[in-house]
Number of protein chains: 2
Amino acid sequence: MSFRSVAIIGLGLLGGSTGLAVQAFLPDVQTTGWDADPATRARAATRGLVHTVCETAEDAVRDADLVILCVPVGAMGEAAAAIAPALRGDVVVSDVGSSKQFVARALAEALPGVAVIPAHPVAGTERSGPDAGFANLFQQRWCIITPPADADTRQVAALSRFWEALGAKVELMDAQHHDLVLAVTSHLPHLIAYTIVGTADDLEGVTQSEVIKYSAGGFRDFTRIAASDPTMWRDVFLSNKDAVLEMLQRFTEDLTALQRSIRVGDGQALFDQFARTRDIRRSIIEEGQDDARPDFGRSDHGRD
Amino acid sequence: MSFRSVAIIGLGLLGGSTGLAVQAFLPDVQTTGWDADPATRARAATRGLVHTVCETAEDAVRDADLVILCVPVGAMGEAAAAIAPALRGDVVVSDVGSSKQFVARALAEALPGVAVIPAHPVAGTERSGPDAGFANLFQQRWCIITPPADADTRQVAALSRFWEALGAKVELMDAQHHDLVLAVTSHLPHLIAYTIVGTADDLEGVTQSEVIKYSAGGFRDFTRIAASDPTMWRDVFLSNKDAVLEMLQRFTEDLTALQRSIRVGDGQALFDQFARTRDIRRSIIEEGQDDARPDFGRSDHGRD
């Protein structure tokens, strides 16, 4: 089996990119879409994010054999309830949310008897809204699918092929493990980035203009992810609370240890900690998950 | 006055970039250089980082009217003492170190009677060593000069023109204020990045391979600066201890507040914190201190 008609609910960065990617890489698949915001619907139609932008969520899903919910995690249950009456009997409902146990519960509750297979393409930029999406967002990125225990294996395989066609590498994972892994690779980094940007903004002895001017010293790397969509991230932290708090606890312990090394002047402990982190960077570049050029190729100054 | 012969002590990322930039943008200025590591000297000669790579530090500085120390902050005093006997009477000694009060004290002590004008070009990449430098590193970046109270204004002006010729924008600042500003824009971000990469590396429930695979979710942004030179950064934290500990204290308080918001489920507090950080990102891009393309132009996927 393969999907012939895909409905996308929510036409921001992820939804828009999915629509553009389907049109680019699965040209025979029909795409419909809907967004709760009329301005976003209008913009989505202008940009052609999907073939047909519908006026209601029900209209968008009526003929679809795959529905992908691309709304903030906290809005998943409501979005699912809104489309429930119009779904086809053989539909597969999936999503792109960043926390999977919560989404699985919300969708199961809103869509009893419907085939729900949650997924999470680990891809994004700091932009959001209908102008942010692009067809190549998923190239070389991982998409984690977290099928419930009773999922139909043919439907799981079809969803895997769908994401692979869009350029992603697919991994199946238990939802609980997903939430733990993403807590450290994504949720904790965002929380820390939001915090430090706020800390810098609050300083009374240093002006915001100075923070901005001298941000090339390291600070700017944090500001990119701290510019991510606030609603989406509020929902991530509320929906993956336990794993995030666990990671935060470990991070704080480690930071306290380094703080103590600085206070007592233990240079060897600092050096040892700083020396062991280079291998991870190298592996990330070898895995194709980041750009090896100095400054990520920022401004192309790396070529002399 | 302007400098006609520049000696560079330490031929890593900053020293090598300075040498290449002088040759590119001040072609009439002679450059000499030295590095404590023979292998680095050999590589510097092959790459032509300076016109003449000398066998001793004294030989490198003998004819120079400007000496720039490009060694880790903790090695500044020793490097200054080594060149002291060979310095010209009219020489200006400067540096590129990341903490300025400590360097000012170390150089004043090692070089009594010598004109010392510390400086800090706020530029860099995560790379280090003699292969890391490039001529355009300082383009559009700020260089902070922290002249002592009794500095000769003509010498300060000459040093400012020197860095401007290399592409930098120059700002004069009190050394104490510099150390506070850089503690938040550079030192704290590096400390946090080193910490989180270590935290991720230590997790027993998540494999390192998983951390690497799913790093595009945010974690990879931290790994770049956590790959920076361990010796340099050890010295930065030991030499700017008070300001770093002060910033760390504020950061920890802010992080604790967000942690509490997550624990009690206060979505409004999370949203408010996440919404106010976007303006800073926008300003950094407008100031030319970062790249506005999605993912900093990583992999050029941003063009659909």
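**The interface between the chains**

Mentor: 97 residues of chain A are in contact with 97 residues of chain B, where contact requires C-beta atoms, placed from the backbone, to lie within 7 Å. This is a predicted model in which local features need pLDDT of at least 70 and side-chain atom pairs count only at pLDDT 80 or more, while totals for chains, interfaces and linings use all residues. Residues are numbered from 1 along each chain as its sequence is written, and chains are lettered from A and ligands numbered from 1 in the order in which they are written.

Trainee: Which helix of chain A gives the most to the side that touches chain B?
Mentor: Helices here are DSSP runs (H or I, at least four residues), numbered from the N terminus. Those giving two or more residues to this side include helix 7 (175-202) and helix 11 (241-264) of chain A. With 19 residues, the one that gives the most is helix 7 of chain A.

Trainee: What rotation superposes chain A on chain B?
Mentor: Superposition is by least squares on the C-alpha atoms of residues with pLDDT of at least 70 in both copies. The shift along the axis is 0.0 Å and the RMSD is 0.0 Å, for a rotation of 180°. The two copies are thus related as by a two-fold rotation axis.

Trainee: At what angle do helix 11 of chain A and helix 7 of chain B cross?
Mentor: Axes are lines fitted to C-alpha atoms over the stretch in contact, with angles from 0 to 180 degrees between N-to-C directions. The axes of helix 11 of chain A and helix 7 of chain B come within 9 Å and cross at roughly 125°.

Technical notes
Contact = placed C-beta atoms within 7 Å.
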